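Thanks for passing this one along. Below are my notes as numbered points, to be read with the model open beside you.

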Amino acid sequence: MNTDTLKINNFTLSSSAEVPSIMNEIELCVENKVLIHIVSYIHNTVLVQSLIREINKVVPAAKVVLLKHDDKQKTSVVLFTIKTEDEKHISDEVLKELYVDHSNKKSNIQEYRTELFKRYFTDHLTNLPNLYQLRKDLENCEKCGLILLKIDNFQTINNFYGFVVGDYVLEYVGKYLKNVLSPHQVYRLSGAEYAIITDENLGFYHLKEYLSELYEKIKNINIMYQETRIFIDFTLASSSNRINNNIFSKVSMALNHAKKKGVPFWIYEDKMHFEDEYQRNLQLSYIVREAVENDRILPYFQAIVDNKTKQITKYECLARLMDANEKILSPLLFIPIAKNIKIYKEVTKTIVNKSFATFEDNEFEFSINLSIEDIMSNEIFNFILDKLKNSKAASRVTFELLESEAVQDFKKVDRFMSEVVRYGAKIAIDDFGSGYSNFSYITKIDADYIKIDGSLIENIDIDEASEIVVDTIVQFAKKLGIKTIAEYVHSSVVMDKVCELGIDYSQGFYIDEPSLKLTKCENDRNA
């Protein structure tokens, strides 16, 4: 707008008492051509009539126009003034200037929209095209190939150095890939993921060769940040299918598979049927969520027998899921899904609640499995403490902790144990002898029981090495005053060998299969 030609002043009033002061301001703004808009909810008020009367006195040459708005409390006065000798009617001049102003604003809005649209398709950190631009470009290219690249250790970098360094790494990698992979267009997707589009969809062997060369070109990038050298490695993935339908999801599945396998890259082919696994996981996610919502997470009970008295003294509470068709699912199937969809805590709470309810009014001891996630969770920790405070069965429960390399924070584990034992609860190390077992684990955890892993027990009658390992564990435990429990006792011969080695308790199908109700084993009935 040409401000030397047209000036606009706005005033707001809420009562007629403000009219004199507003008129003083209007008088100071008046030029030789004046148009005044009085905007009010209704016009026959004392305020509006006073305004009209005073305007006619102070600015008799002004053109006054009455307009309406929806604000019942306030009245607005808009003063248009033009300093000109032109004899044109001021209304025409105002309309012309307002048109020019509107055109300029429309142009600015269009530029703003264009810039905003551009930002929608651009990653703000690296200024590379983003996922939305990639999807758009793939839709417009029938024969293009897609390659995804992901920084392997970015989460560690971000956690250790902080997000400032993390952002620096992402920005540096974006520029590096843009230079090294030219003339390919590089895209930055979510997190530490990048992508490029190839001009054609290569066959498997050509693509394998291409990815090998690409990996060699970009592997072992090192970035200097201040005085710190940060090393970057990538995992790559692509698809060799000639048809590009769902190419992004297929290459994403290949990238996840490559990460799991720990290989430099993976090429998707339809015969791999990765989508079937994803479909199964989606179905399982629904089944698990539906079972939790409808209270179909159940504890199954498996008897544990005292090897000296041959009497059942304990039961282990094992998590099971009953689906809508009353089919029972193993925890190996549904626990990982429950963790992925963030409802695992509800599973733990349900098993704890129902187990305590079962053993509240009998004399049996019982054990409940806890994962490292359970122990590290403040919510589960407080839930278990509350349960122990209010249950008669608190002194008969044993919490089985999985012997695992995943235990990093022994202070939290120690805090958990020191709190639960105050109420008489006991601690067992579960599956000892599997995976990355080591005896230092026992010295760090003041356990009451060691459950010897079934992989060592099931062939103990025919495998001398297993017998030697189990005997070592038993002797070590006895010196520390820890009781031992043998898992997977599946036959009378194995049972005899377990007793011969001096193991205190036994558990397995020879004694009792897991079931919904507490049962007596054959040994107990014949004792």
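1. One term before we start: contact means heavy atoms within 4.5 Å. This is a predicted model, in which local features need pLDDT of at least 70 and side-chain atom pairs count only at pLDDT 80 or more, while totals for chains, interfaces and linings use all residues. Residues are numbered from 1 along each chain as its sequence is written, and side-chain values use heavy atoms, with hydrogens and water left out.

2. Let's begin with H43, in the loop between β2 (33-40) and α2 (46-58). Helices (H or I, at least four residues) and strands (E, at least two) are DSSP runs, numbered from the N terminus. H43 counts as buried at 18% relative accessibility; buried means under 20% relative accessible area, exposed over 50%, and partly exposed in between (1.4 Å probe, protein chains only). Leaving aside neighbours within four places in sequence, H43 is in contact with V48, Q49, L66, L67 and K68.

3. A393 is another loop residue to look at, placed between α13 (378-389) and β16 (397-402). A393 is buried, its relative accessible area being 0%. Beyond four places in sequence, A393 has contacts with F356, F359, E360 and F366. Its C-alpha atom is separated by 9.8 Å from that of Y423, 30 residues apart along the chain.

4. Next, the nonpolar cores: each is a set of buried Ala, Val, Leu, Ile, Met, Phe, Trp, Tyr and Cys residues joined through side-chain atoms within 4.5 Å. The largest has 70 residues, of which L388, F399, F416 and I457 touch the most other members. F416, not counting residues up to four places away in sequence, touches L370, I375, F381, I384, F399, L401 and I427. A second, separate core of 31 residues includes L128, F154, Y215 and I232.

5. How do α5 (residues 154-161) and α6 (residues 163-180) pack? Their angle is about 140 degrees and their axes are 6 Å apart, where axes are lines fitted to C-alpha atoms, for helices over the stretch in contact, and angles run from 0 to 180 degrees between N-to-C directions. On the α5 side the contact is made by F154, I157, N158 and Y161, and on the α6 side by F163, V165, G166, V169 and L170.

6. Finally, which residues of helix α10 (residues 331-340) are buried? They are F334, I335, I337 and A338. Seen down the axis of α10, the buried residues fall within an arc of 165 degrees, so they line one face of the helix; the arc is that of the directions from the helix axis to the C-beta atoms. L332 and N340, on the other side of α10, are exposed.
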